[in-house]
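Q: I have a structure open and would like to go through parts of it. Can we take it piece by piece?

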Amino acid sequence: MVRTRLSQSTISLTLSKPWTTSEPSMSPTSDPLAPSISPPKPFPSTPAITLYGISGVWYSRHLILTCKLNWILSTTLLRIIQKIIRYDICRHHRRWVAEKLGTDAADKELEFTKKILSADAKHYHAWSHRQWVLLALGGWEDELDYCRELLEEDIFNNSAWNQRYFVITRSPLLGGLEAMRESEVSYTVEAILAHPENESPWRYLRGLYKGDTQSWVNDHQVSLLCLRVLNTKSNFVFALSTLLDLLCHGLQPSQEAKDVVAALEMSGTVEPDSDLAKSVCFILEHVDPIRANYWRWRKSKLPHAT
Amino acid sequence: MSSAERANNNSMTAAPTKTQQEQWIVENQVFQIFDLFANLPRNAKSALVELQRDNHLEYLTRGLKRLDPSFCVLDANRPWLCYWILHSIALLGDYVEHEVENNVVDFLSRCQDPNGGYGGGPGQLPHLATTYAAVNALITVGGERSLSSINREKVYMFLKRMKQPSGAFRMHDAGEIDVRACYTAISVASVLNILDDELIQNVGDYILSCQTYEGGISGEPGAEAHGGYTFCGFATMILINEVNRLDLAGLLDWVAFRQGREGGFQGRTNKLVDSCYSFWQGGAFALLQRLHAILDEQLVNFGPQTGVASDISGGEESSDGTQVDDKTCHFKLGGTNASCPVNLNSIGYNFVKQPGEMEALYHRWSLQQYILLCAQDMEGGLKDKPGKRRDFYHTCYSLSGLSLSQHSWSQDEDAPPLPNAVMGPYANLLERTHPLFNVVLDQYYDAHEFFDTP
């Protein structure tokens, strides 16, 4: 079978190995059907390939493996699959095989995703697969520690923050979101103070109160954190945005809060306003101009609070 | 002062993390381009900010002609390439030779599975993504021959087969289940006028379970909020008339922060700008513009003393999936009650016919600046960011995002945008695209009329 010359677009797709592509299937380089490789050996003969293309090859493999279940239970096959999975196109197939192998496969699967993540700590499919492994096969014991490790390496890694959320909400070994909230808030506040310009922990903090907005509004730690960052007069966009959200959800601002905001207004670019939320919106329009339309709209939607 | 704050004060001397390093590199490249641009004389400025139509068209038409029928049989991407290229050409307001159009229609017909749906190539297993691409490509070609080549009854049967008990869809037999599969299925069904209650059953529940704590939507429950999946989930919820179940304020807040200093959008928090998100993320704003009534309704639930606040997101919903708001007859979109049933298959049409009553809430000018100055390739085509190679995927979605941005403040859908909505010469103006399906609006209207017969 002769390969005709690939079009330029396909060439550019094939140049980046799906293995190293972080992004999920929006871009076809990580699409399960990405035509970026020729099938490795050993493989079904040509008819299967011509009939089904890449995905069909794995489908027919699926059928063959069903008939040879005992053979599947060998680690040798798993090593073969590990090599093949580098191309990411049979992640789903890998799940199917792992399910057949049972919980013993958990460690191997977690190790495998760890390898991918050590090269690319935000690899979308690797994280998806890791989450599936935890839910289907277990292995939660070290997961929170793993998140901590990744965040120590890179506190801006949003995938690690997302995984942390996944663990504290879903791990059968932990008590659930509410039980974990206090310790997680401490952890997150530390992270924010180290880098207030880091969006991830701010969203994570808000997420810790998901489904319980009143607790979020009433927790002094949150508003105090905002004021603390605002007092530094640097990297305070998220602090202001959080304060705005708190005010919209009924936070009664302290005098200190009003003073801190007034101090930010003193640069002269902003008119002082008796409505604190309005003032916050004005400041945001100026310090975060890329989102000026959004802040103006927020201002127009402010509740008519005193 | 805590140790963390001390660390913050010392952050200038602390080693930057990988995220920070990569971000600074991209920002440097982009701002170098912007500085260069700012310092140019006026004439040179106009040239640089011009959309290189001729170059792009040449790149696209060459690409289409290279999709030879005798192409490598392992390539499963050809329907996608057809769509990306044809849609890009249509956005540029140009046409493809009749013969090439016929070849595309013939080729896609051979990709059509006898049991319904389109595979990646002749004889390949049908797949939701390639079905979406093929249908959109055929609608973009337009005309009787192209549209009648779609076997709608069989497509419907294929969609039913891909439907899962959970409500979601599977991409293909033994394929993955995710939000993108839901979007491709529902979009195809809607645009072909074959959407029904069976297909939409529980889809809303699945997508709701994918709205994350960040506000965006992930590919699967638990995964990270992501621009592509956010668009897919959001568009699907609109098409199945359940968009008011989403936490729209949360979604808006997340997507608003996805626009960076570069002007373009990133796909996820703390990741790099990429021109393709001009459509996925920019598209979310285009959708929100027409949902202001539902957005306002959700915001009313915020506020002091109510206690109800904004706990609208999944988990707070009643398990039988009833709408948050019953009195929705006066909304054109979102929610139904017994006396005001919504024709599912009219949602896409009504959505664009309805005038937008609020402005787009992102910085349109900055987005256009990023696309025109940083994403255009000198030899034609568009790319992710400076330093990357051009490809048809990025060409398609950069141009789609540019189109949305240019048309984002047209109150009257028949009136052309004002010059101040278009960065660069007015000739930069692209054809309008449908923000739910991403096909050029004129082609969409023709298809809508064609498929209106049951």
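Q: Is the crossing of α10(A) and α11(A) left-handed or right-handed?
A: The crossing of α10(A) and α11(A) is left-handed. A crossing is called left-handed if the near helix is turned anticlockwise from the far one by less than a right angle, and right-handed if clockwise. Helices here are DSSP runs of H or I with at least four residues, strands are runs of E with at least two, and both are numbered from the N terminus.

Q: What sort of model is this, and how are things numbered?
A: This is a predicted model, in which local features need pLDDT of at least 70 and side-chain atom pairs count only at pLDDT 80 or more, while totals for chains, interfaces and linings use all residues. Residues are numbered from 1 along each chain as its sequence is written, chains are lettered from A and ligands numbered from 1 in the order in which they are written, and side-chain values use heavy atoms, with hydrogens and water left out.

Q: Back to that helix pair. At what angle do α10 and α11 of chain A pack?
A: Helix α10 (residues 177–194) of chain A packs against helix α11 (residues 199–207) of chain A at about 160°, and their axes are 9 Å apart. The axes are lines fitted to C-alpha atoms over the stretch in contact, and angles run from 0 to 180 degrees between N-to-C directions. That angle makes α10(A) roughly antiparallel to α11(A). The cut-offs are under 35 degrees for roughly parallel, over 145 for roughly antiparallel, 65 to 115 for roughly perpendicular, and oblique for the rest.

Q: Which residues meet there?
A: From α10(A) they are Leu177(A), Glu184(A), Val185(A), Thr188(A), Ala191(A) and Ile192(A), and from α11(A) they are Pro201(A), Trp202(A), Tyr204(A), Leu205(A) and Gly207(A). Contact means heavy atoms within 4.5 Å.

Q: And by class?
A: The contact has 8 nonpolar, 2 polar and 1 charged residues. Ala, Val, Leu, Ile, Met, Phe, Trp, Tyr, Cys and Pro count as nonpolar, Asp, Glu, Lys and Arg as charged, and the others, Gly among them, as polar.

Q: How do α7 and α9 of chain A pack?
A: Helix α7 (residues 124–137) of chain A and helix α9 (residues 158–170) of chain A pack at about 15°, with axes 11 Å apart. α7(A) is therefore roughly parallel to α9(A). Their crossing is right-handed. Among the residues making the contact are Trp127(A) and Leu134(A) of α7(A) and Phe166(A) of α9(A).

Q: What does Trp127(A) pair with?
A: Trp127(A) forms a tilted aromatic pair with Tyr146(A), at 6.2 Å centre to centre and 40° between the planes. Rings of Phe, Tyr and Trp (its six-membered ring) pair if their centres lie within 6.5 Å; planes under 30 degrees apart are stacked, over 60 edge-to-face, and the rest tilted. Tyr146(A) lies in helix α8 (residues 143–153) of chain A and Trp127(A) in α7, so the pair ties together parts 19 residues apart in sequence.

Q: Are those two buried or exposed?
A: Both Trp127(A) and Tyr146(A) are buried. Buried means under 20% relative accessible area, exposed over 50%, and partly exposed in between (1.4 Å probe, protein chains only).

Q: Switching to chain B, where is His407(B)?
A: His407(B) sits in the loop between α19 (392–406) and α20 (441–450) of chain B. It counts as buried because its relative accessibility is 13%.

Q: Last one: how many helices and strands in chain A?
A: Chain A has 17 helices and 0 strands. Of its 306 residues, 58% are buried.
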